[in-house]
Amino acid sequence: MSAPEPFVFPTTRDGWLAAAAEHAEAAIRLVRHFDAQLTAGASSATEALDLWNDADLALRGTMSEAYLLSEAHPDPAVRAAAEEAVQKLEALSSSRLLDPALFAALAAFEGAEMDAEQERLLTHTLRDFRRGGVALGEEDRQRVRELTDRDTELSLTFARNIREGRREIRVRPADLAGLPQDFLDAHPAGDDGLVVLTTDYTDLMPVREYATVRETRTALVSAYNDLAWPDNDAVLTELLDVRAERAALLGYADWADFETEPRMIGSGAAVRAFLDQLDDASRAAADAEYPLLLERLRRDEPDADEVTIADFFHVLGQLRQERHDVDAQLVRSYFTFERVLPGVLETAGRLLDLSFVPVDVATWHADVRSYDVVRGEERLGRVHLDLHPRDGKFSHAACFPLAPGIAGRILPEAVLLCNFARGLMTHDEVVTFFHEFGHLVHDILGGAQRFARFTGVATEWDFVEAPSQLLEEWAWDPGVLATFTAGPDGQPIPADLVERMRVADGFGRALEVRRQLGHANVSYHLHVDRPADLQAATEHWYTVTSPVQPLRGLHPYAGFGHLTGYGSCYYTYQWSLVIARDLRSAFGDDLMDPEVAARYRREILEPGGRRDAADLVESFLGRPYAFDAYREWLGGH
């Protein structure tokens with residue numbers, strides 16, 4: 001058998017349009033072909049599961065391609081065609097789970113002789129059918145189909161409005177006081193004498209951290225917090241209603257109960273209990289940190305009566321500089337994009353025994369850099385890095401699967417869509433790069449599976465952030481950073497500065513957890529409470545969760561992209577972080593320990609979704625995961 005070949009992208013506009021539309025139609029025909037064979041009667045469990053897997057593979061691969069094009073292609077016509085393809089493919093996916101004949105064809109093999117991986121696939125698939133509504137009466141099945149399709153349509157609209165909703169403000173040059181010189185050079189005044197700032201991360205992050213003029217910070221963060229409003233107001237209202245009705249038809253108390261059933265946490269009630277646990281663990285430390293921020297803000301703004309989210313990052317940076325001698329602009333001077341990129345590749349390569357070999361292939365944009373992922377003489381997969389902002393592109397940072405890896409058949413491929421600066425990067429951006437790269441290598445190393453259901457990042461959804469959060473640690477290691485940083489004098493970032501950064505990062509950590517808890521509360525309560533006034537409810541949860549206050553009267557829920565994919569489950573980030581902190585403990589003082597790294601690759605990344613996440617973690621740690629390491633980290637250690 002010849003080795004599998006990578007995905008081949010089109011090279012013309014017509015080719016891209018065909019990829020977005022015709023590939024979906026071909027996949028739909030293929031899925032229906034395999035499903036017809038399955039319902040006609042399989043002679044064994046192996047034959048039945050292989051037919052299901054072949055259909056699943058065609059569906060997942062084409063859907064991944066369509067989702068990527070909808071978020072990344074520079075041509076609006078291609079993005080629109082890709083969205084239409086996503087709608088058709090998602091409709092097919094949900095309709096299959098409502099098909100009693102398909103369900104019966106698989107359920108016939110419950111209890112039949114099969115190996116453990118086949119049994120896992122059958123168990124998970126039959127659970128999907130039951131959660132999809134196959135046991136309902138015909139009228140209710142039809143309503144579930146309509147609701148599921150509408151969820152997809154609304155979610156695509158919600159994401160498009162965010163992606164295409166970039167906002168701008170105009171300020172006087174003097175209002176950019178505190179911004180680095182290279183930022184000022186890149187933002188000259190226009191003919192009207194004003195400077196344009198956008199809500200792109202490349203403007204937002206430096207302004208909120210460095211701008212000393214409070215009005216500038218507030219104006220840009222306000223624009224960002226009204227992203228996609230009012231367009232997404234009605235969209236989200238209907239989406240919440242659709243999900244609530246669907247959950248009720250399927251027999252669940254609310255959407256949170258439906259979403260969490262197959263996840264580590266298990267129920268909506270457990271989400272609420274976990275959020276309460278985070279509240280208890282972080283409240284005292286946050287209450288101790290906040291007065292220090294308010295006092296520092298009042299030194300510059302004597303009339304300030306609260307620290308807002310527009311002040312938070314700036315004041316925190318001031319205190320870290322004054323208390324720990326960490327100058328964020330000095331730190332930034334060591335991180336140029338053209339050094340960070342190879343540094344991340346080299347670090348991940350050394351850790352996981354990989355090489356990232358550049359390949360010259362046509363992709364959807366000239367910014368994209370592609371690499372084969374190699375170990376020894378074996379090509380394990382391919383990754384594509386699309387790392388800078390542009391109009392119409394996904395506006396945050398995420399890993400998108402492209403080709404689901406199947407051992408001996410399909411080479412796994414995945415894509416990073418990020419929005420990093422092209423010149424100097426903040427350390428936060430570097431941490432984000434490591435985080436997203438953690439998803440990327442998980443997708444590739446977990447991509448040599450037998451079944452599409454278990455390939456790549458295929459564990460329970462509330463575990464998927466743990467490997468990426470773990471890889472963030474390498475962005476704080478003095479030895480690692482010394483290998484790819486260089487300041488104006490050509491010297492790497494000093495180890496003592498990195499150590500001060502690490503200590504300084506502990507200050508404000510509880511407030512940052514409260515900020516994340518605010519997002520989790522909004523995510524959960526909008527879905528469970530379904531408030532009539534989204535603005536008032538969102539503002540309420542941000543107000544009561546953290547002493548750092550939201551900007552009043554704005555609509556951050558309209559630009560909260562996680563409300564579609566993560567739904568009620570933004571708690572995932574802190575749940576995964578509890579596990580990631582415990583995983584970190586296994587490395588001790590040496591993040592490059594080859595024995596621990598090999599065990600991590602083998603026990604956590606390479607299994608994909610073949611085993612439950614708790615079992616993966618226990619195999620790596622030699623014990624179940626615990627809250628202790630997270631609690632210690634929360635205390636600033």
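**Helix, strand, cavity and cysteine features of a predicted model**

Helix α2 (residues 45-72) has 28 residues, which at 1.5 Å a residue should span 40 Å, and its end C-alpha atoms are 40 Å apart, in agreement with that expectation. The expected span is 1.5 Å times one less than the number of residues. Helices are DSSP runs of H or I with at least four residues, strands are runs of E with at least two, and both are numbered from the N terminus. Of the 28 residues of α2, 22 are buried, so the helix is mostly covered; buried means under 20% relative accessible area, exposed over 50% and partly exposed in between, with a 1.4 Å probe and protein chains only.

The model is predicted, and local features need pLDDT of at least 70, side-chain atom pairs count only at pLDDT 80 or more, and totals for chains, interfaces and linings use all residues. Residues are numbered from 1 along each chain as its sequence is written, and side-chain values use heavy atoms, with hydrogens and water left out.

In a regular strand the side chains alternate between the two faces of the sheet. β1 pairs with strand β2 (residues 195-198) in the antiparallel sense over four bridges, where pairing requires at least two DSSP bridges between the strands. V196 in β2 is the bridge partner of R170.

Three cavities of 30 Å³ or more are present. On a 1 Å grid over the protein atoms alone, a cavity is a set of points where a 1.4 Å probe fits but cannot get out, and lining residues have an atom within 4 Å of a point. The largest cavity has a volume of about 60 Å³, a volume being the space filled by probe spheres set on the points, which are joined across faces, edges and corners. Its lining includes L351, G438, W474 and Y600. α17 (465-471) is one of the helices that supply at least two residues each, and α17 gives the largest share, three residues. The lining divides into nine nonpolar residues, one polar and no charged; Ala, Val, Leu, Ile, Met, Phe, Trp, Tyr, Cys and Pro count as nonpolar, Asp, Glu, Lys and Arg as charged, and the others, Gly among them, as polar.

No disulfides, defined as pairs of cysteine sulfur atoms within 2.5 Å, are found in the whole structure. The closest cysteine sulfur to that of C418 is in C399, at 8.9 Å, which is too far for a bond.

Key. On a 1 Å grid over the protein atoms alone, a cavity is a set of points where a 1.4 Å probe fits but cannot get out, and a pocket is an open set with protein on both sides within 12 Å along at least five of seven lines; lining residues have an atom within 4 Å of a point.
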